[in-house]
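Please read the points below with the chain open beside them.

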Amino acid sequence: MGRFAPSPTGPLHAGSLLAALGSLLHARAQGGLWHLRIDDIDPPRAVQGSVAAIQASLEAHALRFDGDIQYQSDHSYRYAQALQRLEAQGDLFHCTCTRAMLGAAGNCQKSCAQKKFAASEATCLRVKVPLNTVITLEDAFLGPQNWHLGQQLSNFVVRRRDGLYAYQLAAAVDDAAPAATQVIRGRDLLDSTPRQIFLQRRLGLPSPEYGHLPVLTDQHGAKLSKQQGASAVNNHQPLHNLRTALKDLGQPDPPAKLKDPVSLLAWSQSKWDPLRVPR
Ligand SMILES: [Zn+2]
């Protein structure tokens, strides 16, 4: 079971279309379902109308998801339970470090873990990563990956100072099987994967299969992103957009006689080959 999980921070652009298409084909080629999840746990960054715009683009490209749209904002109880469990295991500590005080990897290097803070004090919650933590992964496209996570960072944020749940925690919980059994997403998130697998382990949750797709860049080599103002995909040329995305995914070019997105996707699904995805 695959999923596409955009944040509601703008319309679908060429890079997010690529992630949607790759995750859909990978799921469908194995006979799996494909869900749409809106990662809306960061209300300050949300842009009104994004969900409708994303849905309209998916529909125009015949990228049809199964079931109802899921919203991370409906899952707060899960994240609260996860924090409770981590807390009970002694995995968490409060931190008040400012950005300038953090190490290069963004971890707390000071003695916050030993300090007591007043309940009224604004703190973030960090999870401790034991020094000997090693995470290994067989990426669906990149092959074997491994991280000496404990040597790279000694802790990371699971609840922000403003009280919001951190992306790493929400993704780790929602992407754990059986809710998701495949997480196919952009390579820009590869760095986050070991943190999420680490959290799943600490929470006793099964990790899904992970696969990281190529990331599209602009002419300056920067990742296409909504924050950088990447333009929305043109819903009036779905065939062109899908063919371009398939090429970026290293997949065979569908025959010219296929003139509608549904038959083009059906053909591409039957030909989907993870080994062709560019590394
Ligand atoms: Zn600190």
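The numbered points below describe a predicted model.

1. Overall make-up. The protein chain has 8 helices and 10 strands. Its radius of gyration is 20 Å, close to the 19 Å that the globule rule gives for 279 residues, so the chain is as compact as a globular protein of that length. Taken along the principal axes, the box filled by the C-alpha atoms is roughly 70 × 40 × 40 Å.

2. Burial and contacts. Of the 279 residues in the protein chain, 40% are buried. Among contacts between residues at least 6 apart in sequence, 75% join residues at least 24 apart.

3. The core. The largest nonpolar core holds 68 residues, and the members that touch the most others are Leu18, Ala20, Leu21, Val158, Leu169 and Ala170. Helix H1 (residues 14-29) supplies the largest share of this core, with 8 residues.

4. Leucine 18. Which residues does leucine 18 contact, leaving aside its neighbours within four places in sequence? They are Leu213, Leu216, Ala245, Asp248 and Leu249. Two of the partners, Ala245 and Asp248, are also among the H7 residues that meet H1.

5. H1 and H7. The axes of H1 and helix H7 (residues 238-248) come within 10 Å of each other and cross at roughly 75°. An angle from 65 to 115 degrees counts as roughly perpendicular, and therefore H1 is described as roughly perpendicular to H7. On the H1 side the residues involved are Leu17, Leu18 and Leu21, and they meet Asn241, Leu242, Ala245 and Asp248 in H7.

6. H5 and H6. Helix H5 (residues 167-174) packs against helix H6 (residues 193-202) at an angle of about 60°, and their axes are 9 Å apart. The two helices are therefore oblique to each other. H5 passes H6 in a right-handed crossing. Gln168, Leu169, Ala171 and Ala172 of H5 make the contact with Arg195, Gln196, Leu199 and Gln200 of H6.

7. Is H5 mostly covered or mostly exposed? H5 is mostly covered, with 7 of its 8 residues buried. The buried residues are Tyr167, Leu169, Ala170, Ala171, Ala172, Val173 and Asp174. They pack against strand E2 (34-38), helix H3 (76-88), strand E8 (155-159) and H6.

Technical notes. Residues are numbered from 1 along each chain as its sequence is written. This is a predicted model: local features need pLDDT of at least 70, side-chain atom pairs count only at pLDDT 80 or more; totals for chains, interfaces and linings use all residues. A nonpolar core is a set of buried Ala, Val, Leu, Ile, Met, Phe, Trp, Tyr and Cys residues joined through C-beta atoms within 7 Å. A residue is buried if 20 or more other C-beta atoms lie within 10 Å of its own, exposed if 12 or fewer, and partly exposed in between; C-beta atoms are placed from the backbone. Helices (H or I, at least four residues) and strands (E, at least two) are DSSP runs, numbered from the N terminus. Two residues are in contact if their C-beta atoms, placed from the backbone, lie within 7 Å. The radius of gyration is taken over C-alpha atoms; the globule rule is 2.2 Å times the number of residues to the power 0.38. Axes are lines fitted to C-alpha atoms, for helices over the stretch in contact, and angles run from 0 to 180 degrees between N-to-C directions. Angles under 35 degrees count as roughly parallel, over 145 as roughly antiparallel, 65 to 115 as roughly perpendicular and the rest as oblique. A crossing is left-handed if the near helix is turned anticlockwise from the far one by less than a right angle, and right-handed if clockwise.
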